[in-house]
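Here are some notes to go with the model. Have a look at it first, then read on.

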Amino acid sequence: MGRLWMFIFLAEIVLTVAALISCLSAEEHRLNALPRWGWVLIILLFSPIGAIAWFVVGKERTPNPQVWRQGSGFPEHQRPGRGLAPDDDPEFLRKLAKEQRETAAADRELLSKWEMDLRRREEELRKQDKSED
């Protein structure tokens, strides 16, 4: 008889732990009737009935593919008030290309000034070397 009670006790512990893990890892939109903290309290305080209740009514069995839970209830391509992503917006891409051209032109101009300055300094050093000889 003691072994039976031990088996029932272990089964209750396993059921409670499984229900807690399931509850804590369930997605928020799949919880039924109560928030997560409510289900955790029921599972812990009313073991094993709370654990059984969690598995019976606590979460949706299969998500409804018709329901869009994120955002305002619209499929992503139909959501109002959303502009194009920057990499899909032709105006943004034109502006970006223009900025890159301007930056490249400024970089080329700066590089040519540096090269001219370097040549001038090298020429001055050569003149100094010739005058010292």
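1. Is S22 buried or exposed? S22 is buried because its relative accessible area is 14%; buried means under 20%, exposed over 50%, and partly exposed in between (1.4 Å probe, protein chains only). S22 sits in helix α1 (residues 2–25), helices being DSSP runs of H or I with at least four residues, numbered from the N terminus. Leaving aside residues up to four places away in sequence, S22 touches W54, F55 and K59, with contact taken as heavy atoms within 4.5 Å.

2. A word on the basis: this is a predicted model, where local features need pLDDT of at least 70, side-chain atom pairs count only at pLDDT 80 or more, and totals for chains, interfaces and linings use all residues. Numbering runs from 1 along each chain as its sequence is written, and side-chain values use heavy atoms, with hydrogens and water left out.

3. On confidence, the protein has a mean pLDDT (the predictor's confidence in each residue, from 0 to 100) of 83, with 82% of residues at 70 or more.

4. F46 belongs to the loop between α2 and α3. F46 counts as exposed because its relative accessibility is 51%.

5. UniProt, in an unreviewed entry, puts a "transmembrane region" at residues 36–57; such annotations may be inferred rather than shown by experiment. In the model, residues 36–57 are 86% helix and 0% strand, and their end C-alpha atoms lie 13 Å apart.

Definitions and conventions: Helices (H or I, at least four residues) and strands (E, at least two) are DSSP runs, numbered from the N terminus.
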